[in-house]
Amino acid sequence: MNADPLQQFAAWWDEEQVPVVVATADADGAPSARAVVLEGFDERGFVFYTSAESRKGRELAANPRAALVALWDGRQARVEGGVERVSDADADAHWAGREGKRPLAAFRQDAPAGSREELERLVERVPAEPERPRFWVGYRIVPGRYEFWAVDPDFLHDRFEYVPANGGGWTRRRLQP
Amino acid sequence: MNPLEQFEAWWEEAGRDARVALATATPDGRPSLRMVLLKGADARGFVFFSGYESRKGRELAANPRAALLCHWPGRQVRVEGRVERLPAAESDAYWATRPAGSRRSAAGSRQSEPIGSRAELEAQVAAAGADPPRPARWGGYLVVPDAFEFWEHRDDRLHDRLAYRLANGAWGTVRLQP
């Protein structure tokens, strides 16, 4: 295991990019989870894009904390921390490079829809190359804890937790499986 | 189709992949997330096993709610609800079906507690004995659903999302915008 958890995550990610799951919770502590596309990560944190009006967007507005898990064959990486919004400039740059902008701009994510035909009508109202809607934003999970888990054939799975060290950097310790 | 039947149909098509993400949270709303193995789903709920003193066990003791996410190619199923422990007899019955190495590991490991080294872990597990009984600190949980969501990818990004909510003992459905 690398002493730097970001480098460790990058090593596994470079072997295979996988969908990740993000958990949020409402202000009362009821958790929710869904798969998202991890659009990037660096020393600032782990970034995904979504609608600020979606359930996760509303939960993050009220309770800006999240947990992320990436699953590979026999491996898991967990990241937890506070959540901040990506800058408008970064979100615009991301939007410019995206495909399939029309449905992203057309829908009020998580609002009810009467039918598939209604979804099609909503898309038709949007121009072919829409501007980034104000609700389409990026979120960055700023890691306060990492965990890496690797399967062991004898069920003594390896688990390493990283927490911030006093004075910077990270402290790594093994956890029992 | 009720949501459990819908789940069964998709789970079967996914080869009964047991790997699901389980989200829990502290009472003040700090979420945590890890993979668990789904060991069953029936009219009572969704079953997984864990150490009761693990981080998720402690979170569930203080805040007995969870969200499960099954993610299969092009599909997601979300399950949310309250969590209760399985009766001890059912945990015992499941314990008996586990491989010996798995039983030894579960009996010898204080899940989520720090340990100095792999050698220390091996020694601790060896000390638990060759065929340990189920410790009281390890057993099953049942997620009792009050909400489901079924999500299916479409190439035009008009993904299908169908949410089920339990109200007055009956499941209502609503299509959601993707």
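The contact between the two chains in this predicted model draws 46 residues from chain A and 45 residues from chain B. On the side of chain A that touches chain B, the elements giving two or more residues are the strands β1 (20–25), β2 (31–36), β5 (65–72), β6 (75–85), β7 (112–113) and β10 (170–175), together with the helix α5 (116–124). The largest share of that side comes from β5(A), which supplies six residues. If we sort the side of chain A that touches chain B by class, we find 25 nonpolar, nine polar and 12 charged residues.

Strand pairing also crosses from one chain to the other, and here I would point you to β10(A), which is joined by two bridges to strand β7 of chain B, residues 114–115, with the two strands running antiparallel. Within that pairing, A:L175 stands opposite B:P114 in β7(B).

Let me turn to the nonpolar core. The largest one has 62 residues, and the members that touch the most other members are A:V21, A:L68 and B:L68. Strand β8 of chain A, residues 136–150, gives the most to this core, namely seven residues. As general background, nonpolar side chains in soluble globular proteins tend to be buried together.

For chain A as a whole, the secondary structure comes to five helices and 10 strands, and the C-alpha trace spans about 55 × 35 × 35 Å along its principal axes. Of its 177 residues, 38% count as buried. Among the contacts in chain A between residues at least 6 apart in sequence, 58% join residues at least 24 apart.

For A:D110, phi is near 80 degrees, and the residue is found in the loop between α4 (101–106) and β7 of chain A. Is A:D110 buried or exposed? A:D110 counts as buried, because there are 20 C-beta neighbours inside 10 Å. For B:R16, phi is near 50 degrees, and this residue lies in the loop between α1 (3–13) and β1 (19–25) of chain B. B:R16 counts as exposed, because there are 10 C-beta neighbours inside 10 Å.

Finally, there is B:T26, in the loop between β1 and β2 (31–37) of chain B, which is partly exposed, with 17 other C-beta atoms within 10 Å. Not counting residues up to four places away in sequence, B:T26 touches A:G29 in the other chain, and B:E59, B:A62 and B:N63 in its own. The C-alpha atoms of B:T26 and B:A130, which are 104 residues apart along the chain, are separated by 36 Å.

Note on methods
Residues are numbered from 1 along each chain as its sequence is written. Chains are lettered from A and ligands numbered from 1 in the order in which they are written. This is a predicted model: local features need pLDDT of at least 70, side-chain atom pairs count only at pLDDT 80 or more; totals for chains, interfaces and linings use all residues. Two residues are in contact if their C-beta atoms, placed from the backbone, lie within 7 Å. Helices (H or I, at least four residues) and strands (E, at least two) are DSSP runs, numbered from the N terminus. Ala, Val, Leu, Ile, Met, Phe, Trp, Tyr, Cys and Pro count as nonpolar, Asp, Glu, Lys and Arg as charged, and the others, Gly among them, as polar. Two strands pair if DSSP finds at least two bridges between them. A residue is buried if 20 or more other C-beta atoms lie within 10 Å of its own, exposed if 12 or fewer, and partly exposed in between; C-beta atoms are placed from the backbone. A nonpolar core is a set of buried Ala, Val, Leu, Ile, Met, Phe, Trp, Tyr and Cys residues joined through C-beta atoms within 7 Å.
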